[in-house]
Amino acid sequence: MTKLPSKPLIKGHGRKWIVLALLVLFFGCRYILGPMPPSPPGSEEGFLGAALHPTLTDQSQSLPDDAMPFAARILKEMGTTLRYAFIAMSMAVPAGLLLGFLASSKWWPAMIGDVSAGNKAARYLLRPIQISVRLLTTLMRSIHELIWAILFLAALGHEPITACVALALPFTGTLAKVFSEIIDEQSVLARDHLIASGAGPLQAFLTSLIPQSFPDIATYTVYRFECALRSSAVLGFIGIETIGLSITRSFENHFYNELWTELYLLLAVILLVDALGAMLRKRLNRIPKRIVMPESNGSTGENIKQLKRTAPRNMMARVLMWSSVVLVIISWFPSIINVSTEPLVKASSSNTMQLSKSDRLSHFLTKMTPAPVRESGAWDDAIPWANELWRENGKTAVINTIAMATAAIIISAFAAWLLLPWASRALASAKPLGLFGGKDNPFRNIIWRSVGLLTRFLFVISRAIPEYIYAYLLIGLLGVSAWPLVLALALHNFGILGRLWGEVIENQPAEAPRQLLHTGSGRLQCYFSSFVPISFNRFLMYLFYRWETCVREATVLGMLGFASLGLHIQLSRNFSRAYDEMIFYVLLGSAVIFIGDLLSLYLRRGLAKA
Amino acid sequence: MSLQISQITHQFGSTKAVDSVSLDVKSGEQVALIGPSGCGKTTLLRIMGTQLLPSAGDISLIGRSPTTLSAREIKQLRTRIAMIPQHLGLVSNISVLRNVLNGGLGKINLLQTARQLIHPTRDEITRVYELLKRTGISEKIYDRTDSLSGGQQQRVAVARALYQQPSILLADEPVSSIDPARARDTIQMLTQLSKEEGITLIVSLHNLELAREFFPRLIGLRYGSIAFDCSPEALSNDDCQALFKMDSQDLVQHD
């Protein structure tokens with residue numbers, strides 16, 4: 001963990017102004033997005049009540065006799081969700097490692113003091129490679145996986161493997177970025193020492209920085225797997241047979257009891273992965289100590305063998321790694337355990353009615369060329385065409401998309417900000433910060449402990465369900481407007497901010513808040529006058545980081561029906577098959593995300609320096 | 001001659017950390033560099049370890065001048081000079097075995113490094129084990145490095161330096177962060193090992209007592225220049241006091 005600054009970085013009234021500015025900004029977005037319309041009558045009838053009565057049998061009365069029973073069907077779809085997440089990650093992790101390596105400069109021929117190691121000229125060759133890799137990964141990230149999927153399915157046909165590749169692309173971009181950041185954050189003392197003893201820069205990199213960054217890389221990969229599960233579930237909404245497909249069907253048919261079962265199942269699997277990730281992080285950060293010391297009486301070789309056998313090992317990391325390798329192999333080749341699943345690649349001869357792959361692709365490529373260019377052949381004609389699209393829909397769509405993301409992150413920030421003290425392990429306790437808090441009272445202990453647990457659980461649950469599913473359900477219940485989408489984004493990010501900020505205040509040195517408690521201040525006073533000011537910059541950094549991801553998600557959520565970029569992508573695909581217009585909006589979206597990315601990077605850099 | 005330095009100067013900005021120092025060290029000699037902090041010991045050691053180039057002056061290490069060498073040649077020279085930095089430069093979350101093996105990277109290529117990462121040979125392991133035995137922590141060979149105490153980690157760094165089979169061993173303040181009894185053990189171990197192996201040993205020290213007890217040659221540094229260069233017998237009390245007096249004057253000046 002990085003050491004936190006010990007004094008507040010924004011001084012004077014800066015923090016108050018920022019909080020005020022966020023509120024003003026929220027009302028600005030509220031003005032842009034318009035009021036929330038009254039919800040359509042009767043839409044939520046029985047929805048919440050069904051939460052207490054999930055079912056394991058089909059609610060539909062009109063199923064054919066040979067249909068797969070409900071429980072088996074959703075289990076199979078959950079399995080498929082896991083399978084596609086594994087397949088996507090098995091492509092994204094190696095690619096992310098490779099690109100992350102290329103995006104880092106820590107293995108380059110280096111200067112140690114004044115003396116170079118290795119051929120310095122190589123740096124001039126490596127710099128352009130590094131810059132192009134960074135651009136490439138940014139581009140991969142700036143298009144949402146769902147949009148990649150829509151593009152690929154349109155271009156290459158409706159095959160699961162295409163969806164997996166679409167999932168893997170943005171994940172590779174994100175993994176590469178985070179991996180290279182993890183590597184760049186490591187201390188270079190050991191690496192420099194090795195170079196000074198004659199090792200080459202690559203050798204030193206392999207033997208020092210790679211093992212040093214392993215714990216962070218491993219835990220981040222588990223977290224990304226959790227994200228892949230969510231995205232894989234959402235693929236169901238565009239027709240891939242994951243759990244999302246059942247969720248849409250049950251919801252459309254008002255089978256709310258089925259729906260809740262499906263949500264609980266998804267929630268359970270994601271919470272399990274979340275818990276595994278937390279356990280792994282704990283294990284990797286704990287230094288293993290030797291428990292058994294063998295007697296040394298044999299030969300040297302025998303002694304070494306004994307020592308190796310009894311050496312303290314990190315079993316959990318090993319078990320997790322090997323079991324994921326096995327699961328990846330099973331995901332690719334399910335036939336080895338005799339499970340029949342949907343083939344990843346469909347044989348092209350099976351359906352003669354369907355276009356062949358190359359025909360489809362060339363058809364797609366022709367149709368994605370702007371219409372006037374297709375006719376005239378001159379790319380100059382594309383400019384008025386693009387101008388027209390921008391004026392007609394593009395501008396409003398971009399503004400709405402950004403307003404949605406901004407409103408959402410502000411809601412979740414305020415909610416998380418106010419709930420944080422009740423979730424903090426330090427404060428939500430009968431003895432805040434471990435200080436003596438008066439006579440022991442078992443009742444008070446239980447109350448405080450449950451308050452902490454419940455608030456943390458609220459954070460966990462709200463981030464476990466993907467934004468897209470929240471948005472889908474809320475649109476159905478509240479009617480079509482921007483607000484269900486904003487609420488969906490806010491719900492998910494509320495959980496994430498709660499966790500990230502919770503970590504910030506847990507890592508903060510406890511002297512100052514403890515001093516306040518000693519002088520008789522209450523928990524909330526202590527939170528607002530010690531934890532918040534000291535950690536404020538970090539809070540803001542995470543806020544901007546999440547805002548950037550909100551913009552990305554908002555682009556896609558629009559597909560559910562509000563006049564934003566996603567809607568136009570959806571409309572041009574579904575109704576007119578106007579792939580040229582669709583590509584225009586996709587590129588517009590990725591440009592917005594790209595700029596959002598840069599803006600957020602700039603703000604975060606500034607905050608880190610301030 | 002193991003090491004020849006004539007008139008070297010090193011400047012950081014406008015401050016001269018090392019100011020026209022000349023020094024010859026014979027093969028197998030054991031030298032203690034003493035002086036208050038900030039007197040230029042570390043800079044001088046880093047120049048001797050080819051981690052810094054002097055701003056002016058000539059330096060020759062084992063007959064070679066680092067300023068004239070190509071990248072490849074300097075790499076070869078570096079394998080023969082082992083340094084134990086104050087921060088030890090160990091990778092904390094790997095086994096002691098791997099940290100010691102890292103001392104030999106200069107002598108193997110990238111492919112062999114990859115092989116060694118996956119599967120160190122029995123010979124390599126045995127060599128590491130024997131070295132760890134000599135530094136007294138052989139039973140820790142498979143333990144994770146950060147599970148060892150500070151003094152034990154220092155012994156890992158010593159074993160890693162010896163694994164290099166160096167001609168020159170440089171140690172920067174090896175006893176600054178351990179208690180007096182262990183400090184004595186460490187210095188004794190270093191001088192004894194260098195004697196047995198015939199390695200030139202240059203150690204920077206705060207502790208004058210230890211330097212006098214174990215080193216046949218003492219070099220006092222103040223303000224980046226040599227204050228004295230003599231045997232412990234020849235070292236007068238005035239010389240010693242001068243070294244410490246400078247220290248207190250320095251403090252007054254800074255106020």
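This is a predicted model: local features need pLDDT of at least 70, side-chain atom pairs count only at pLDDT 80 or more; totals for chains, interfaces and linings use all residues.
Which residues line the largest cavity?

Residues are numbered from 1 along each chain as its sequence is written, chains are lettered from A and ligands numbered from 1 in the order in which they are written, and side-chain values use heavy atoms, with hydrogens and water left out.

**View 1. Inside the largest cavity of the model.** The lining is made up of Val19(A), Leu22(A), Ala413(A), Phe414(A), Trp417(A), Trp501(A), Phe536(A), Phe539(A), Leu540(A) and Leu543(A). A cavity here is a set of points on a 1 Å grid over the protein atoms alone where a 1.4 Å probe fits but cannot get out, and lining residues have an atom within 4 Å of a point. The space inside comes to about 140 Å³, taken as the volume filled by probe spheres set on the points, with grid points joined across faces, edges and corners. Helices H1 (14-33), H14 (382-423) and H19 (523-557) of chain A each give two or more residues, and H19(A) gives the most, with four. Helices (H or I, at least four residues) and strands (E, at least two) are DSSP runs numbered from the N terminus. By class, the lining has ten nonpolar residues and no polar or charged ones; Ala, Val, Leu, Ile, Met, Phe, Trp, Tyr, Cys and Pro count as nonpolar, Asp, Glu, Lys and Arg as charged, and the others, Gly among them, as polar.

**View 2. The second largest cavity.** This one holds about 40 Å³, and the count of cavities of 30 Å³ or more is three. Around the second largest cavity sit Ala430(A), Lys431(A), Gly437(A), Gly438(A), Lys439(A), Asp440(A), Asn441(A), Arg444(A) and Asn445(A). That lining splits into one nonpolar, four polar and four charged residues.

**View 3. Where chain A meets chain B.** Chain A brings 40 residues to the contact and chain B brings 43, contact meaning heavy atoms within 4.5 Å. Together they bury about 3,400 Å², 63% of it on carbon and sulfur atoms; buried area is the accessible area (1.4 Å probe) that two parts lose on being put together, summed over both. Eight residue pairs are in polar contact, both at pLDDT 80 or more (a pair of N or O atoms within 3.5 Å; within protein, one must be able to donate a hydrogen and the other to accept it, and residues adjacent in sequence count only if both atoms are side-chain atoms). On the chain A side, H7(A) supplies the largest share, eight residues. The residues of that side divide into 21 nonpolar, 14 polar and five charged.

View 4. The interface has one salt bridge (a side-chain nitrogen of Lys or Arg within 4 Å of a carboxyl oxygen of Asp or Glu). Arg463(A) lies in H15 (442-464) and Asp274(A) in H9 (256-285), so the pair ties together parts that are 189 residues apart in sequence.

Conventions
On a 1 Å grid over the protein atoms alone, a cavity is a set of points where a 1.4 Å probe fits but cannot get out, and a pocket is an open set with protein on both sides within 12 Å along at least five of seven lines; lining residues have an atom within 4 Å of a point.
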